[in-house]
Amino acid sequence: MKLKKQINLVLSGGGARGFAHIGVLKALYDHGIHPKAISGTSMGAIIGMLYAAGMEPDDVIDQIEKLKFYKLLTSFGKIRKRSLHILYPIIRKAIGIHRFDQLNIPLYIAVTNVNYGRSEIITKGDCIHAALASASIPIIFRSYSNNKMNYVDGGLLNNFPIDPFLESEDAIVGCDVNFLGYLENVGGLMTYVERNIRMALFQSVRIRERYCDYLLEPEKTGDYTSFDFKNSRKLFDIGKKYTHQHIESLVKSIVKPENNIAQRKCLYNILMEDKIIVESAF
């Protein structure tokens, strides 16, 4: 399926729900649609990095399962010992590279700089370190340290990093795996805490999402928590099925984009005023 415009792809954070991103990439791949560039945060950053490194979607889901994120939550003991640094050699061996300039397509990774209290978008340096820093959920994992700076999950301040693409005339397709629908039972500490975090992030994410030419938002991801890492295949299938079902409307929206480039640039200027910056940190 040929598009008249190239697309830039934005991948939200979402913990285990982010596995649905891989299904989205698989469906796009099946239809011959290949992103020109990817921007991601948290799990979206890790998946975007693996894809940008040249892995096909089927290989990405295989590699994600090998990382066994669920074991990181149960086997490390005290929080101060839980660090995603442990995944670095595994990922580097799998993709064979480690720098942004070695990737097949441009990649932008959102992280939260704890020292400066700001969101940063990393584009240079070590892409593996950047992706793991972006996925370091506060309290669950130790902050990711580098050059005397401490970084945590990029989704804390920017869970939908559309920022790098707002000045581009290419189409923007976004995928948000944090569907916030009605929830009958909010009992249980983890469910309660996660629900409140998602609500807190909701408004800032929605502001960014409205500037997409097309937004993929698989509702069924809402049935899973950020920690359902053992359900990787189910979430993969959700993303894949949803995207296949919406591929025609996606293509039409890209052929005739509705978004105004001037409006995008206006939002970009506003975000820059909020000190969302682009720099290398790793």
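View 1. Helix α2, which spans residues 43-52, is largely enclosed by the rest of the structure, because 10 of its 10 residues are buried, where buried means under 20% relative accessible area, exposed means over 50%, and partly exposed lies in between, with a 1.4 Å probe and protein chains only. Helices (H or I, at least four residues) and strands (E, at least two) are DSSP runs, numbered from the N terminus. The model shown is predicted, so local features need pLDDT of at least 70 and side-chain atom pairs count only at pLDDT 80 or more, while totals for chains, interfaces and linings use all residues. Residues are numbered from 1 along each chain as its sequence is written, and side-chain values use heavy atoms, with hydrogens and water left out. The buried residues of α2 include Met43, Ile46, Met49 and Tyr51. After the helix comes Gly54, which has a positive phi, near 110°.

**View 2. Gly48 within helix α2.** Gly48 lies in helix α2 and is buried, with a relative accessible area of 0%. Not counting residues up to four places away in sequence, Gly48 touches Leu11, Ile38 and Leu107, a contact being heavy atoms within 4.5 Å. Gly48 and Pro106 are 58 residues apart in sequence, and their C-alpha atoms are 10.0 Å apart in space.

**View 3. Ser12 in a loop.** Ser12 is found in the loop between β1 (7-11) and α1 (19-30), and this residue is buried, with a relative accessible area of 0%. The side chain of Ser12 reaches the backbone nitrogen of Val177 at 3.2 Å. Leaving aside neighbours within four places in sequence, Ser12 is in contact with several residues, among them His21, Thr41, Asn159, Asp176 and Val177. One of these contacts is with Gly44, a residue that is also listed among the buried residues of α2.

**View 4. Ile247 in helix α8.** Ile247 is found in helix α8, residues 232-255, and is buried, with a relative accessible area of 4%. Along the chain, Ile247 and Leu28 are 219 residues apart, yet their C-alpha atoms are separated by 7.9 Å.

View 5. Rolling a probe the size of a water molecule over the atoms shows where empty space is left. On a 1 Å grid over the protein atoms alone, a cavity is a set of points where a 1.4 Å probe fits but cannot get out, a pocket is an open set with protein on both sides within 12 Å along at least five of seven lines, and lining residues have an atom within 4 Å of a point. The structure holds 2 cavities of 30 Å³ or more, and the largest cavity has a volume of about 70 Å³. Its lining includes Met43 and Ile46, both of which belong to the buried residues of α2, as well as Phe69, Ile137 and Phe229. The lining of this cavity divides into 8 nonpolar, 2 polar and no charged residues. The largest pocket holds about 610 Å³ of space, and of the 27 residues that line this pocket, the closest to its centre are Ile137, Glu194, Ile197, Leu201 and Ser226.

**View 6. The whole chain.** The secondary structure of the protein chain comes to 9 helices and 9 strands, and buried residues make up 53% of its 282 residues. Among contacts between residues at least 6 apart in sequence, 78% join residues at least 24 apart.

Conventions: Points joined across faces, edges and corners; volume = space filled by probe spheres on them. Nonpolar A, V, L, I, M, F, W, Y, C, P; charged D, E, K, R; others polar. Polar contact = N/O pair within 3.5 Å; in protein donor to acceptor, adjacent residues only side chain to side chain.
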